[in-house]
Amino acid sequence: MNLLHPGARVVDAVTGETLRPDDVDAAAAAFAQLPPGVVFALTPTELGAVARYLGALAAGRPIALLDPDLDRTVLHGLVDRFEPVQVTGVRTAPPEGYRADGDSWVRQGPAVEPHPELGAAAHHQRVDGQPEAGAAFPYGRVRQRRRHRRQLGDHR
């Protein structure tokens, strides 16, 4: 999936830097080399993080955008619970079962394989403060809604 029109420009309002398509392509190529699994991305509002997000989508890699200031205990709890293939944007030692690779943790064993139509996931906290993740299935849900409308006689 490519979210950028070929003529679009993404400009950092503070620095004036422009997102380069090569950065998105490099991120997509890196994600394509990983085994199956979701990526957790600690995502600041910087061009590098935007390139990483767009690269994940271009590579068909499910990605969960997380607050870069997320409490480390909460992050470790999410990693332990959901077993992503990679966690990006980290600056600390990886938990057991992961190895450090630049600003990422990469899972050493098989990651949990997500549903094939998972596009993005989001983190939030329940009322009791426990972390929880939600998921978006952008492709299949649209097709499913269209199929249901056709079955009901609505041919839009």
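The following legends describe close-up views of a predicted model.

In this predicted model, local features require pLDDT of at least 70 and side-chain atom pairs count only at pLDDT 80 or more, whereas totals for chains, interfaces and linings use all residues. Residues are numbered from 1 along each chain as its sequence is written, and side-chain values use heavy atoms, with hydrogens and water left out.

**View 1. Overall arrangement of the protein.** The protein contains four helices and seven strands, which are DSSP runs numbered from the N terminus (helices: H or I, at least four residues; strands: E, at least two). Their order from the N terminus is α-β-α-β-α-β-β-β-β-β-α. Of the 156 residues, 32% are buried, the term denoting under 20% relative accessible area, with exposed meaning over 50% and partly exposed in between (1.4 Å probe, protein chains only). Contacts are heavy atoms within 4.5 Å; among those between residues at least 6 apart in sequence, 55% join residues at least 24 apart.

**View 2. R9 in the segment before α1.** R9 is located in the segment that precedes α1 (21-32). R9 counts as exposed because its relative accessibility is 63%. Its C-alpha atom is separated by 6.9 Å from that of L19, 10 residues away along the chain.

View 3. Although buried, D12 has no salt bridge, and the nearest side chain of opposite charge, that of R9, is 11 Å away. Here Lys and Arg count as positive and Asp and Glu as negative, without His and the chain ends; a salt bridge places a side-chain nitrogen of Lys or Arg within 4 Å of a carboxyl oxygen of Asp or Glu. A polar atom of the D12 side chain lies 2.8 Å from the backbone nitrogen of V14, and one lies 3.1 Å from the backbone nitrogen of T15. Beyond its neighbours within four places in sequence, D12 is in contact with E17 and L47.

View 4. Within α2, the buried residues are L47, A49, A51, L54, G55, A56 and L57. These buried residues pack against α1 and β2 (63-66). G60 follows α2 and has a positive phi, near 75 degrees.

Notes:
Polar contact = N/O pair within 3.5 Å; in protein donor to acceptor, adjacent residues only side chain to side chain.
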